[in-house]
Amino acid sequence: MRRRRWRRRCPRRRKRVPRYRDLAGRSDDAGGVVVVGFSSSTHPRARTRSGAAPGEPGAPPAPEAPAPGGDPLVPAAREAVGQLEVKGRAPKTGYDRDLFGQAWSDDVGVEFGRNGCDTRNDILKRDLYDITFRPGTRDCVVLTGVLDGPYTGERIEFQRGQDTSSLVQIDHVVALSDAWQKGAQQLTEQQRRDFANDPLNLLAVSGRANQQKGDGDTATWLPPRREFRCGYVSRQVLVKERYGLWVTQAERDAMDRILASC
């Protein structure tokens, strides 16, 4: 009897599940979703507050990584995909990169905008780790870093230079020319500039994978690394929803198929 009373007074503790706030989407002032990339606090090589790297003596246990396909944007994408208008692809007539503003402009109204650093370096800082900066640039120019390529899974050593910078490229998840053929012609100049520099639509990736993708949409190209397809398609859906772009029927079918498997 004494043993039973002790058990009633000391209920079994529930196992604590780690939260990944740095990886979750959050709402911005316009009601959209802002993507937060792998920050220094969530990267597996990051040092803890105690000063010890995970696994070293005195360090708290490292949090478990999210399961493959467990991208936090998937639920929002599942809700949004049904709201996308389905239409045919418009002609590419009149498309020009300059219609989306100066490349990597800081004069934008999206996250990281007007922070004094160009968009390319903002994304490198967000997506790379073990970063070094050019002295005297207020940590705005990334010199070196390491990328775990989301499209291919390969580890890429980035080094800024004429012959090496292209190994890591910043991909528009929804390509500019694809956007132009699916509604961006009706956007204002400011909206197109925001679109081209929106972190939700940008990822640091392998240069080779970026070239292979070209301006493909979900129906024509998917990342070779299957574990990232849910996150990739979710970003395409949410970007198109944010900027009022449409999808083709084949694209919509592909989005539904991928999101259903997540």
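Two residues are in contact when heavy atoms of one and the other lie within 4.5 Å. Among contacts in this chain between residues at least 6 apart in sequence, 65% join residues at least 24 apart. The model is predicted: local features need pLDDT of at least 70, side-chain atom pairs count only at pLDDT 80 or more, and totals for chains, interfaces and linings use all residues. Residues are numbered from 1 along each chain as its sequence is written, and side-chain values use heavy atoms, with hydrogens and water left out.

**Figure 1. Overview of the chain.**
The chain has eight helices and seven strands. Helices (H or I, at least four residues) and strands (E, at least two) are DSSP runs, numbered from the N terminus. Of the 262 residues in the chain, 45% are buried. A residue is buried at under 20% relative accessible area, exposed at over 50%, and partly exposed in between (1.4 Å probe, protein chains only).

Why is α3 described as largely enclosed by the rest of the structure? Eight of its nine residues are buried, so the rest of the structure largely encloses α3. The buried residues are Thr-119, Arg-120, Asn-121, Asp-122, Ile-123, Leu-124, Arg-126 and Asp-127. They pack against the strands β3, β4, β5 (155-159), β6 (168-172) and β7 (202-206), and against helix α5 (189-197). The N-terminal end of α3 is capped by Asp-118, which has a side-chain oxygen 3.1 Å from the backbone nitrogen of Arg-120.

The structure holds two disulfides, a disulfide being a pair of cysteine sulfur atoms within 2.5 Å. Counting bonded cysteines along the chain, the pattern is 1-2, 3-4. This view shows the link from Cys-117 to Cys-140, with an S to S distance of 1.8 Å. The link of Cys-117 and Cys-140 is left-handed, with -65 degrees about the S-S bond. Cys-117 lies in the loop between α2 and α3 (119-127), and Cys-140 in the loop between β3 (129-133) and β4 (142-148), so the pair ties together parts that are 23 residues apart in sequence. Cys-117 is buried, at 4% relative accessibility, and Cys-140 is buried too, at 6%.

**Figure 2. The disulfide of Cys-230 and Cys-262.**
The sulfur atoms of Cys-230 and Cys-262 are 2.1 Å apart and form a disulfide. The torsion about the S-S bond is about -110 degrees, so this disulfide is left-handed. Cys-230 belongs to helix α7 and Cys-262 to the segment after α8, so that the pair links distant parts of the chain, 32 residues apart. Is each cysteine of the pair buried or partly exposed? Cys-230 counts as buried at 7% relative accessibility, whereas Cys-262 counts as partly exposed at 29%.

**Figure 3. Thr-218 in its loop.**
Thr-218 sits in the loop between α6 (207-213) and α7 (229-242). Its relative accessible area is 2%, so Thr-218 is buried. Which residues does Thr-218 contact, leaving aside its neighbours within four places in sequence? They are Val-233, Gln-236, Glu-251, Ala-254 and Met-255. With the side chain of Gln-236, the side chain of Thr-218 makes a polar contact of 2.3 Å. A polar contact is a pair of N or O atoms within 3.5 Å; within protein, one must be able to donate a hydrogen and the other to accept it, and residues adjacent in sequence count only if both atoms are side-chain atoms.

**Figure 4. Helices α2 and α8.**
Helix α2 (residues 74-81) packs with helix α8 (residues 249-260) at an angle of about 145 degrees, and their axes are 11 Å apart. Axes are lines fitted to C-alpha atoms, for helices over the stretch in contact, and angles run from 0 to 180 degrees between N-to-C directions. On the α2 side, Ala-77, Arg-78 and Val-81 take part; they meet Arg-252, Met-255, Asp-256 and Leu-259 in α8. The residues of this contact divide into four nonpolar, no polar and three charged. Here Ala, Val, Leu, Ile, Met, Phe, Trp, Tyr, Cys and Pro count as nonpolar, Asp, Glu, Lys and Arg as charged, and the others, Gly among them, as polar.

**Figure 5. Residues with a positive phi.**
Arg-114 is not a glycine, yet has a positive phi of about 55 degrees. Arg-114 lies in the loop between α2 and α3 and is exposed, with a relative accessible area of 53%. Asp-130, also not a glycine, has a positive phi of about 50 degrees. Asp-130 is found in strand β3 and is partly exposed, with a relative accessible area of 47%.
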